[in-house]
Amino acid sequence: MDASYIYVIIALLPLAAVMLTVQVNPYHALVIRGILGAVAALVYAVLGAADVALTEALVGTMLAITLYAVAVRSSLVMRVGILKDELSQVGQPPFAPLLADLRTIASKYHLRLELLPYPDPASLHQALMEKEVHLTCIERAPQIDQATAPESRPELYQTITRIRRLYDILKTELTSPTMCLTYITVQDSGEKH
């Protein structure tokens with residue numbers, strides 16, 4: 001009996017492993033990890049190790065992929081704190097283009113964008129300090145400045161982030177001229193919740 005098909009199946013293991021390590025999108029990596037586990041289970045079954053194949057299929061593939069999917073889904077979120085009053089402006093200018101820019105940037109980095117409403121600026125700032133949100137976006141009070149030209153577009157929203165990498169990304173990729181971006185450092189309190 002010709003067993004050359006076993007070599008083809010076994011060759012899929014390092015190929016899938018290399019594909020897994022070079023994957024940028026975490027969701028694609030999950031799919032490839034599932035394929036890697038299925039191929040490994042198939043190799044074990046073909047080589048006569050049915051118990052190892054079953055263990056690999058159940059634990060190494062199904063359980064691991066489920067746990068990885070939950071971890072990836074919960075960790076790839078950009079939470080934006082806004083005021084409840086501004087929640088009604090989500091689909092209206094000038095907040096709509098800003099929100100569209102944030103969604104575009106988030107999707108480019110495989111993040112989900114979540115808007116979390118807060119009742120007042122103090123609770124919004126507290127949420128940022130307590131690390132409930134990654135950035136806050138609040139409408140700035142109108143400033144009357146005689147020195148600026150009337151055709152210049154004022155920065156209507158103040159956005160503050162506590163994550164340096166997020167600040168760097170937004171600083172380079174945000175196209176909305178209506179937003180003033182600020183980075184702040186949040187100290188750990190050392191308390192365990």
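Predicted model: local features only at pLDDT ≥ 70, side-chain atom pairs only at ≥ 80, totals over all residues.
I started with Tyr183, which comes out as partly exposed at 28% relative accessibility.

The rings of Tyr167 and Tyr183 have centres 5.8 Å apart and planes at 45°, so I noted the pair as tilted. Tyr167 belongs to helix H7 (residues 164-173) and Tyr183 to strand S5 (residues 179-183), so the pair ties together parts 16 residues apart in sequence.

Then I spotted another neighbour of the Tyr183 ring. The charged end of Arg164 sits over that ring, 5.0 Å from its centre.

**Thr159 and the cysteines**

I moved on to Thr159, in strand S4 (residues 157-161). Is Thr159 buried or exposed? I found Thr159 buried, at 1% relative accessibility. Leaving out residues up to four places away in sequence, I listed what Thr159 touches: Leu135, Thr136, Cys137, Met179, Cys180, Leu181 and Thr182.

I looked for disulfides and counted 0 in the structure.

**The annotated segments**

Last, I turned to the record. The unreviewed UniProt entry places "transmembrane region" at residues 6-23, 30-47 and 53-72. I compared two of these with the model. Residues 30-47 are 94% helix and 0% strand, with end C-alpha atoms 26 Å apart. For residues 53-72 I read 100% helix and 0% strand, with the end C-alpha atoms 26 Å apart.

How values were computed. Residues numbered from 1 in each chain as written. Heavy atoms only, no water. Disulfide = S-S within 2.5 Å. Helix = DSSP H or I, 4+ residues; strand = E, 2+ residues; numbered from the N terminus. Buried < 20%, exposed > 50% of the residue type's maximum accessible area, 1.4 Å probe, protein only. Contact = heavy atoms within 4.5 Å. UniProt positions renumbered as here; feature names shortened; annotations may be inferred. Phe/Tyr/Trp six-rings, centres within 6.5 Å; stacked < 30°, edge-to-face > 60°. Lys NZ or Arg CZ within 6 Å of the ring centre and 35° of its normal.
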